[in-house]
Amino acid sequence: MGAAEKTRQVLARALKELMKTNPLEKISVGDITRQAGVGRNTFYYHFKDKYDLVNWIFETESARLMDAAVPADDWGCFLRQLDGYVRQNFSFYRNALEYSGQNSLQDYIFDVLEKRLVQRIGRMNEEMGLRMRQDEVAFTADFFASALQGLLVRSIRQGLEPDSSRYMECVRRICSGHMIENYLHVPPRSGGK
């Protein structure tokens with residue numbers, strides 16, 4: 001890990017620590033830099049504002065889950081990891097989602113999920129020989145990113161179910177059933193009947 005990455009990690013840990021006891025809206029860049037033991041210029045060298053830091057935390061930490069070396073079509077493993085990650089960081093994300101303005105985490109969650117799902121579904125397309133066109137991969141990724149983002153944001157704002165495994169199992173079945181394959185192999189309608 002390079003020096004820049006270590007500095008971003010220090011700033012991320014400082015913000016997470018502060019968010020245990022303070023709402024994000026009440027935390028200033030000065031609070032973050034004092035907690036991290038770095039100067040303001042160091043913060044602004046790496047991030048535009050505290051919301052940029054929140055988004056970086058989500059992208060960096062969720063990337064580990066999305067890029068895990070599991071088969072692309074193993075949605076169950078991916079969803080279990082995502083659920084576990086959100087549970088471990090629940091108070092941070094609940095606090096971060098209180099802000100809904102420009103550069104908000106809610107919008108950023110969709111962007112990150114969509115980008116990663118394009119990669120994952122593209123890999124699945126290749127591994128399974130599905131012959132999806134790029135626009136079909138993009139549409140499918142957009143669909144699932146919208147659904148996952150909506151579920152994540154709503155469940156975090158409402159408080160996670162104590163046992164979300166039932167819901168994760170439903171989503172896993174939807175994703176790992178043969179929905180994508182069926183979408184691609186529907187026979188064309190005949191014109192006469």
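**Figure 1. Helix α8 and the overall fold.** Helix α8 comprises 25 residues and reaches 36 Å from its first C-alpha to its last, close to the 36 Å expected at 1.5 Å a residue; the expected span is 1.5 Å times one less than the number of residues. The model is predicted, so that local features need pLDDT of at least 70 and side-chain atom pairs count only at pLDDT 80 or more, whereas totals for chains, interfaces and linings use all residues. Residues are numbered from 1 along each chain as its sequence is written, and side-chain values use heavy atoms, with hydrogens and water left out. The chain contains 10 helices and zero strands, where helices (H or I, at least four residues) and strands (E, at least two) are DSSP runs numbered from the N terminus. Among the buried residues of α8 are Val137, Phe144, Leu148, Leu152 and Ile156, together with Glu136 and Gln149. Buried denotes under 20% relative accessible area, exposed over 50%, and partly exposed the range in between (1.4 Å probe, protein chains only). Buried residues make up 45% of the 193 residues in the chain. After α8 comes Gly159, with a positive phi near 90°.

Figure 2. Arg131 is located in the loop between α7 (105–128) and α8. This residue is not a glycine, yet its phi is positive, at about 60°. Most residues other than glycine have a negative phi. With a relative accessible area of 70%, Arg131 is exposed.

**Figure 3. The largest cavity.** One cavity of 30 Å³ or more is counted, and the largest cavity holds about 40 Å³ of space. A cavity is a set of points, on a 1 Å grid over the protein atoms alone, where a 1.4 Å probe fits but cannot get out; lining residues have an atom within 4 Å of a point. Grid points are joined across faces, edges and corners, and the volume is the space filled by probe spheres set on the points. Phe58, Tyr85, Val86, Tyr93, Ile109, Leu152 and Ile156 form the lining. Helices α5 (75–88) and α8 (134–158) each supply at least two of the lining residues. The lining has seven nonpolar residues, no polar and no charged; Ala, Val, Leu, Ile, Met, Phe, Trp, Tyr, Cys and Pro count as nonpolar, Asp, Glu, Lys and Arg as charged, and the others, Gly among them, as polar.

**Figure 4. Aromatic pairs.** The model has eight aromatic pairs. Rings of Phe, Tyr and Trp (its six-membered ring) pair if their centres lie within 6.5 Å; planes under 30 degrees apart count as stacked, over 60 as edge-to-face and the rest as tilted. Phe43 and Tyr44 are edge-to-face, because their ring centres are 5.3 Å apart and their planes stand at 85°. Phe43 is buried at 0% relative accessible area, whereas Tyr44 is partly exposed at 40%. The rings of Tyr51 and Tyr99 are stacked, with centres 4.0 Å apart and planes at 20°. Tyr51 lies in helix α4 (residues 50–66) and Tyr99 in the loop between α6 (90–96) and α7, so this pair ties together parts that are 48 residues apart in sequence. Both Tyr51 and Tyr99 are buried. Ring pairs also join Phe43, Tyr44, Phe47 and Trp56 into a cluster.

**Figure 5. A charge over a ring.** Lys16 lies over the face of Phe92, at 5.6 Å from the ring centre. The criterion requires NZ of Lys or CZ of Arg within 6 Å of the ring centre and within 35 degrees of the ring normal.

How values were computed: On a 1 Å grid over the protein atoms alone, a cavity is a set of points where a 1.4 Å probe fits but cannot get out, and a pocket is an open set with protein on both sides within 12 Å along at least five of seven lines; lining residues have an atom within 4 Å of a point.
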